[in-house]
Amino acid sequence: MQYHQVIIVGGGLAGLRAAVAVNEMNIQACVISRVHPLRSHTVAAQGGINAPLGNHPRGRYDTWEKHAYDTIKGSDFLADQDAVIKMTQEASTRIIEMEHWGCPFNRTTEGKIAQRPFGGAGFPRTCYVADTTGHALLHTLYEQIIRFQQAAERRELVLCPEWLVTALVVEGDECRGVIAMDMTSGKQEAFLGEAVIFATGGAGRLYANTTNALIKTGMGMAVPYWAGIPLKDIEFIQFHPTTLFGKNILISEGARGEGGYLINNKGERFLANYPDSRKAMEIAPRDIIARNMTREIQEGRGFDSAYLHLDLRHLGAERILSKLHGIRTICLDFAGIDPITDPIPVQPGQHYTMGGIDCNTACETRLRGFYAAGEAACVSVHGANRLGGNSLLETLVFGQIAGENAAKYVQGKAETSQGQRSLDETLKTAEGKVDRLLKSEGRESPSRIKTELSNLMVQKAGIFRDAAGLKTALQGIKTLQERYRNIGLDHRGRRWNTALHSTLELEGSLDVAEAVVTGALAREESRGSHYRTDFPKRDDEKWFRHTLAFYSKEGPRLEYCEVRPGPFKLEERKY
Ligand SMILES: Cc1cc2nc3c(=O)[nH]c(=O)nc-3n(C[C@H](O)[C@H](O)[C@H](O)COP(=O)(O)OP(=O)(O)OC[C@H]3O[C@@H](n4cnc5c(N)ncnc54)[C@H](O)[C@@H]3O)c2cc1C
């Protein structure tokens, strides 16, 4: 057994920012991560991070109030206003902190942090490092972790890369640790702690057409869900308008922010033909563009009935090479085309999980000592639709808050063996699960179940949804859950058994997918990313509320809670 005062699960931007905050409060901590922290999905973030710095002439009167209003409007009013206000008020501080730690942001000619149009502001608010912003931010924060680890006066900060957390240890109403598998040996071990923070990222791999890394299976949401913590607003899934056709690698909104055009097979900038995207065109909110692109393709104005063109050619080689070099490399490597001379074939794809582990603006959940931050959490800053550039911001703001509050909770607590019994029991159950999988003579293949699940989610719980499709999806998931019980692994060894790891994660994917579909079927309205063709209007009377999905063996049990209002009045979404 290992003991750490604070256990942080997740080595992405949220987890590392939490680790820095815990260390700054002089509390000992460990960071457990399924991959090396620098391989977390944050590293793939491209376009940028929002803050109302007002460094661009067109954004010089920007304020946190404007940023908050845009975020709430973008969320189709489902975001909690206190959470949004906290995030936008802290945004500039967190960005300048990253600048001081050495993040190489692009600069204006006067040497200030440059900003680009992105994420629905209508003017430049997004700070960026070319089109590799996540890479730069994550490496900057990781350097701080190394610095703290090496400073003699600092408390111990341990990194445990390549450990998979499989269960939460709960004693009474308190979280006491986690069970994790050392992926190298395949052995599970108990981690006892005074507080646990989950910063495990999103669940994009529930969908076949996603921009998300392979590790984003939803397991990090399933573990607390199984332990009784609800998933909030989990039915809200963001589809990004521009992913590389056939590969679904993200082509950043930054490409449109820099001035790229979306073109149909008639050579038209077709967004002008739709009332909701006519004004903002290529920088309209993502849900609107993704739906209008899908309509274009369905009505026969796509190329090969499958994709549209993102045209950057008019931007010129110099701008593409300096601001969008990552996009150009992706196009060259994965599609054999050069955006300097060719349009990019694009199609919408799954991109982000707005919902997640239910927590408040202090990142506390209903389980004492258990905190959540980043994409895994639902503090509720994104509501029904996230603005581009707000997710990286959320990870820094709420990662810091989670770390500080967990450290405060732990301060003064003596190390106790309390929780030992739950720890032993949870470890035994987790071991039993692995033993059964390794010994199973079942004939079902985990990869086949995973493929079927992710295709089903695209077809029946995707950009356009209706009751019949969602019922089919729910039935399909139930059947896959049954088949999961009859799974057999081809390889039964314990050392680096990737089939075993992904099979453990698949159980989480199935249960989180079931929660997504159950929430979507119940929500009989269209709001943000959740578009029901059978209920195409937003219905504030009935549905201006958050969904809470609680785990039960029979399937998710839904409850609802109020959206926290604030100074911004509920409005129709204006375009
Ligand atoms: C291609 C792409 C581009 C993006 N571009 C932008 C952008 O320009 N601007 C923006 O604001 N947002 C962007 N986003 C979204 C943003 O990058 C993510 O939401 C954000 O980085 C998530 O950070 P995180 O720390 O919450 O999680 P992640 O970075 O996903 O990290 C999750 C961590 O949890 C660990 N983990 C998960 N489950 C377990 C487990 N069971 N046991 C142990 N460890 C576990 C993983 O190892 C990992 O370290 C983009 C996303 C993608 C996919």
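1. Start with a helix pair. α12 and α14 cross with left-handed geometry. This is a predicted model. The two helices span residues 446–460 (α12) and residues 498–522 (α14). Their axes come within 11 Å. The crossing angle is roughly 20 degrees. Angles under 35 degrees count as roughly parallel, and α12 is therefore roughly parallel to α14.

2. A second pair is α2 with α3. Helix α2 covers residues 64–74, and helix α3 covers residues 81–100. Their axes come within 9 Å. They cross at roughly 135 degrees. α2 and α3 are therefore oblique to each other. The handedness here is right-handed. For α12 and α14 it was left-handed.

3. Both descriptions rest on two quantities. Packed helices are described by the angle between their axes and the distance between the axes.

4. Now the ligand. There are 39 residues around the ligand. Those that come nearest are Ser40, His41, Thr42, Glu375 and Ser391.

5. What is the make-up of the shell by class? Polar residues number 20. Nonpolar residues number 15.

6. Which elements supply at least two shell residues each? Two are helices: α1 (13–24) and α10 (390–410). The strands are β2 (29–33), β7 (163–171) and β14 (344–353). The largest share comes from α10, with four residues.

7. For Leu392, a backbone N or O atom lies 2.8 Å from a ligand oxygen. For Gly12, a backbone N or O atom is 3.5 Å from an oxygen atom of the ligand. A polar backbone atom of Gly389 also sits 3.5 Å from a ligand oxygen.

8. How much of the ligand's accessible area does the protein cover? The ligand on its own has 1000 Å² of accessible area, and the protein covers 98% of that.

Technical notes
Residues are numbered from 1 along each chain as its sequence is written. This is a predicted model: local features need pLDDT of at least 70, side-chain atom pairs count only at pLDDT 80 or more; totals for chains, interfaces and linings use all residues. Side-chain values use heavy atoms; hydrogens and water are left out. A residue is near a molecule or strand if one of its heavy atoms lies within 4 Å of it. A polar contact is a pair of N or O atoms within 3.5 Å; within protein, one must be able to donate a hydrogen and the other to accept it, and residues adjacent in sequence count only if both atoms are side-chain atoms. Accessible areas come from the Shrake-Rupley method with a 1.4 Å probe; for residues, only the protein chains shown count as cover. Ala, Val, Leu, Ile, Met, Phe, Trp, Tyr, Cys and Pro count as nonpolar, Asp, Glu, Lys and Arg as charged, and the others, Gly among them, as polar. Axes are lines fitted to C-alpha atoms, for helices over the stretch in contact, and angles run from 0 to 180 degrees between N-to-C directions. Angles under 35 degrees count as roughly parallel, over 145 as roughly antiparallel, 65 to 115 as roughly perpendicular and the rest as oblique. A crossing is left-handed if the near helix is turned anticlockwise from the far one by less than a right angle, and right-handed if clockwise.
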